[in-house]
Amino acid sequence: MSATKAQEGEGSTASSPLVRAMFSATSEVLRLISAHPGDLPAVLHGILAKAAELCGGEAGSITLREGGVIRYVASHGPAMEPYIGTTAPVESADASRFAFSPAGAWHTDDFAAATKGTAYFEELATVARVRSYAAVPLTHDGATVGALHMYRHEVRPFTEDDLSALASFGEQASLAVANARLFKDLGESLKLQTATSEVLQLISAHPGDLTAVMNGLTERARRLCGGDTSAVMRLDGTSLVRLADKDHPEMNAVSATVTEELAAWIRDGGPIRRIDDLREVTRTDQTASGISPDDVRSTMLASLRVEGRGFGVITVSRREVRPFDEREANILDAFAEQAAIAIGNANLFNELNAALALQTAMAEVLRLISEHPGELTKVLQGILSQARKLCDADKGNVILIRDDGTVIVAAEASPSGSLVGRVLPGTKGFQGIDRPMMFDDYQTRAAADDHSVVAEFVRATQHRSAMVVPLVRQGKHMGNVHLGRREVRPFTPAQATILQAFADQAVIAVTNAGLFNDLAESLARQEAMTELLNAVSTARTDLAPVFDVLARQADRLCGGTGALVAMRQGDGLTVMASAGVREYRDIGVIPIDDSTVFGASAKHCEIIHIRNYDDEPLDRYPNAPSRRAGAKSALAIPMVRGDVALGVVAFSRVDPGGYSDAEVSLLKTFVDQATVAVDNARLLIEIEKRNSELAESLELQTATGAILDSSAPTPAICARCSTASLPRPHVCATRTGRA
């Protein structure tokens with residue numbers, strides 16, 4: 001039922017079906033978003049169908065911004081179906097030629113007349129038969145990301161009720177886009193995590209078979225980067241020798257001369273190169289010649305590096321001009337690190353006499369990395385144990401750089417107790433190193449009268465001869481691996497090479513743990529969003545479950561943040577739910593003014609972010625509950641509908657520093673969902689109130705009828721003649737003698 005049709009009724013009786021329809025449609029859309037978080041086209045098609053049904057639209061579309069163009073991603077009605085997948089110029093998003101409604105929609109009675117003179121719009125008006133037109137923007141994190149459009153094939157203007165309903169569907173579509181992007185990021189992280197584990201297992205299963213490892217690695221790089229071909233090449237002077245190319249096996253072991261500029265870029269371990277059209281580039285610049293077959297168009301190259309020096313490249317290419325993006329470049333860079341490790345392993349196996357022992361140790365390490373991607377200490381402890389055995393060392397530890405100091409994340413047992421978790425100040429001599437360091441007698445670094453933390457640590461290790469190898473990723477020094485012996489027996493360069501190989505594995509483990517933890521965080525956020533969406537879709541007038549989920553998930557996902565949900569009641573705010581905060585009921589009614597973060601956020605309808613109360617003047621938010629409770633940072637996000645704050649959700653932490661941009665974005669998404677629930681409840685309460693008023697009216701009407709019936713004249717019965725008559729003078733028949 002469209003909003004226009006609803007207006008044809010009378011008063012509240014006509015509005016009730018519209019309100020019910022809006023509430024039902026909103027609940028259905030939320031269920032659709034919850035059921036299909038990764039299928040954005042299906043969700044958007046469903047939203048369009050509901051919007052057309054309630055707004056009386058005969059056709060519709062949803063467009064999203066993609067770089068410098070606008071793409072049609074969903075449609076309703078046969079007139080707009082041919083536009084799916086096509087693009088429109090950015091100028092088509094200019095709404096200045098249309099009227100704006102209070103609900104935030106832009107519209108025009110006659111699209112054809114309003115856009116006359118603009119070729120693209122004239123074509124749209126003719127082909128899609130667009131006459132009356134309305135649209136609302138789709139937003140994400142405060143930026144416009146697209147629009148929801150509704151059309152009629154005749155001049156029949158949209159009403160204010162139609163435009164308000166359309167704005168509500170625009171908000172739902174915005175939530176769907178944000179949810180789909182979160183789900184897509186999660187899916188891509190899962191794919192990269194799976195591919196990384198597969199490559200590690202491949203290296204573990206074929207540590208000496210470089211061809212098998214490289215073929216498996218290039219196949220996965222090609223698949224994840226959306227390429228048609230992939231290859232690994234080794235630099236030999238100014239020539240590139242193909243080590244693996246499953247798509248062009250005839251080119252394996254083929255050597256191609258490259259320019260000195262490209263060779264220098266490889267040797268220097270330069271940043272990833274992306275070439276939009278290799279054929280066009282090689283016509284005027286031979287720098288990139290020799291890297292790919294003649295059928296390659298778009299390509300990208302990542303250098304293979306060991307100790308900051310490049311010795312080859314891995315490429316992924318496409319046979320059409322379709323440039324690679326930054327995300328795909330980062331994926332290729334991760335595979336380049338794996339390829340460099342695999343090649344480094346193969347070289348070691350060929351050069352060292354202890355190949356079998358090293359192979360066994362590396363396989364064990366890679367198994368550890370593969371099986372325990374998120375347990376960094378356990379993996380590093382295993383790497384340290386294998387390195388100690390192969391290098392004939394007595395003890396060892398792994399130290400990672402953290403801020404201005406260092407922390408021991410893995411260590412062999414020490415007489416002075418476990419060293420794991422011990423924090424040390426940064427040692428200048430061990431920071432920024434890019435090659436192994438060996439000491440004949442490590443104890444000479446700590447003078448007898450030196451009682452500094454570092455000197456005491458050197459004595460605690462009891463190392464005499466020692467060796468230190470850096471952990472380096474993309475030129476950044478991440479930490480060191482230390483091995484030591486109880487007697488003065490210096491390590492050899494060959495043993496330093498072995499330890500460097502284990503250090504490279506440790507770098508992979510650290511990176512892998514970071515990826516795994518990021519993935520776990522994305523999963524946790526997805527689960528939280530699903531729970532919140534389910535709470536919103538099932539909530540009616542009881543919003544407590546929604547607020548409880550919001551507060552609890554915010555407290556869990558944002559590092560022990562305290563969360564309070566307060567709703568507007570009269571001229572103040574009342575706390576309705578909390579997590580991580582005690583005695584919140586004692587706060588009482590919070591005034592809507594600038595004396596608290598709560599009140600100021602509600603008053604100005606804006607987000608307020610305090611990173612450190614100590615940096616704020618004492619007269620700013622002097623009565624803020626979080627400040628009085630000893631919190632150092634706070635964040636308040638209002639639930640805004642129109643120009644009014646329905647409530648405020650506030651978060652606080654004991655530590656200064658505030659909230660990251662990612663945390664603010666996540667919490668704002670939570671609050672947006674809560675706002676939808678509050679709005680739904682308001683609509684439902686309005687329905688119930690109007691139904692109650694209607695019932696009371698009917699009851700009064702029935703009672704009035706009964707009263708009127710009881711007050712009507714009734715016939716009187718004559719005692720003498722038993723004649724029934726109305727109450728007026730009566731001539732009795734017995735008196736007159738008439739029968």
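## Ground rules

The expected span of a helix is 1.5 Å times one less than its number of residues. Helices (H or I, at least four residues) and strands (E, at least two) are DSSP runs, numbered from the N terminus. This is a predicted model, where local features need pLDDT of at least 70, side-chain atom pairs count only at pLDDT 80 or more, and totals for chains, interfaces and linings use all residues. Residues are numbered from 1 along each chain as its sequence is written, and side-chain values use heavy atoms, with hydrogens and water left out.

## Overall picture

We have 19 helices and 27 strands here. Of the 739 residues, 49% count as buried (under 20% relative accessible area, with exposed meaning over 50% and partly exposed in between; 1.4 Å probe, protein chains only). Take the contacts (heavy atoms within 4.5 Å) with a separation of 6 or more: 59% of them link residues 24 or more positions apart.

## Helix H7

H7 covers residues 210-224, and its end C-alpha atoms sit 21 Å apart, which agrees with the 21 Å that 15 residues should span at 1.5 Å a residue. Its buried residues include Val-213, Met-214, Leu-217 and Leu-224. Just after H7 comes Gly-226, with a positive phi of about 65 degrees.

## The six-stranded sheet

Six strands line up as S22-S21-S20-S25-S24-S23 in an open sheet with antiparallel pairing. S22 (590-591) and S23 (608-610) are the edges: each has a single partner strand, so one side of each is left without a neighbour in the sheet. Two strands count as paired if DSSP finds at least two bridges between them. S21 (residues 572-579) and S22 have two bridges, with Gly-572 opposite Pro-591.

S24 and S25 share nine bridges; Val-640 is partnered by Ala-645 in S25. These two strands form a hairpin with two residues between them, and Gly-642 in the turn has a positive phi of about 70 degrees.

## Helices across the sheet

H15 (residues 544-557) lies across S20 (562-569), S21, S24 (633-641) and S25 (644-653), at about 60 degrees to S21. H16 (residues 597-604) lies across S20, S21, S22, S23, S24 and S25, running at about 145 degrees to S25. Those angles run from 0 to 180 degrees between N-to-C directions, with axes fitted to C-alpha atoms, for helices over the stretch in contact. As for S24, it is mostly covered, with seven of its nine residues buried.
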